[in-house]
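I open this notebook to record what I looked up in one structure. Each entry takes up one topic.

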Amino acid sequence: TSPQEYLLDFRIRRACTLLKETDLPASDIARSVGYDDALYFSRLFKQKKGRTPTQYRREKKDRS
């Protein structure tokens, strides 16, 4: 994988952890993993995970 792809995967994994373990808004999580544009982050997240950050959080909380 390219360095860019590795960084994207790392950021998405970190965002998943934050979505599961905190109640931070998705926009704050986007900034904390290196994206100033929450909408862009949400699009990237959906491309990688098949759901939006909000949907991902809801699914993970429902399983807890």
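**Entry 1: Overall fold**

I read along the sequence and found that the chain follows the pattern α-α-α-α. I recorded four helices and zero strands; helices (H or I, at least four residues) and strands (E, at least two) are DSSP runs, numbered from the N terminus. I note that this is a predicted model, in which local features need pLDDT of at least 70 and side-chain atom pairs count only at pLDDT 80 or more, while totals for chains, interfaces and linings use all residues. Residues are numbered from 1 along each chain as its sequence is written, and side-chain values use heavy atoms, with hydrogens and water left out.

Along the principal axes, the C-alpha atoms fill a box of roughly 35 × 20 × 15 Å.

I found that 25% of the 64 residues count as buried (buried means under 20% relative accessible area, exposed over 50%, partly exposed in between, with a 1.4 Å probe and protein chains only). Among contacts between residues at least 6 apart in sequence, 54% join residues at least 24 apart; contact means heavy atoms within 4.5 Å.

**Entry 2: Helix 1 against helix 3**

Two packed helices are described by the angle between their axes and the distance between the axes. I found that helix 1 (residues 3–21) and helix 3 (residues 38–49) pack at about 95°, with their axes 11 Å apart. That makes helix 1 roughly perpendicular to helix 3. Axes are lines fitted to C-alpha atoms, for helices over the stretch in contact, and angles run from 0 to 180 degrees between N-to-C directions. Angles under 35 degrees count as roughly parallel, over 145 as roughly antiparallel, 65 to 115 as roughly perpendicular and the rest as oblique.

Which residues meet here? From helix 1, I listed E5, L8, D9, I12, A15, C16 and L19; from helix 3, F41, L44, F45, K48 and K49. The residues of this contact divide into eight nonpolar, no polar and four charged (Ala, Val, Leu, Ile, Met, Phe, Trp, Tyr, Cys and Pro count as nonpolar, Asp, Glu, Lys and Arg as charged, and the others, Gly among them, as polar).

**Entry 3: The nonpolar core**

I found 14 residues in the largest nonpolar core, a core being a set of buried Ala, Val, Leu, Ile, Met, Phe, Trp, Tyr and Cys residues joined through side-chain atoms within 4.5 Å. Those with the most contacts inside it are I12, A15, I29, V33, Y35, F41 and F45. Helix 1, helix 2 (26–32) and helix 3 each give two or more residues to this core. Helix 1 gives the most, with six residues.

Leaving aside neighbours within four places in sequence, I found I29 in contact with A15, L18, L19, T22, L24, F41 and R57.

**Entry 4: Two single residues**

Is L18 buried or exposed? L18, in helix 1, counts as buried because its relative accessibility is 10%. Beyond neighbours within four places in sequence, L18 is in contact with I29, S32, V33 and R57.

K61 is found in helix 4 (residues 53–63) and is partly exposed, with a relative accessible area of 39%. The C-alpha atoms of K61 and K20 are 41 residues apart along the chain and separated by 7.1 Å.
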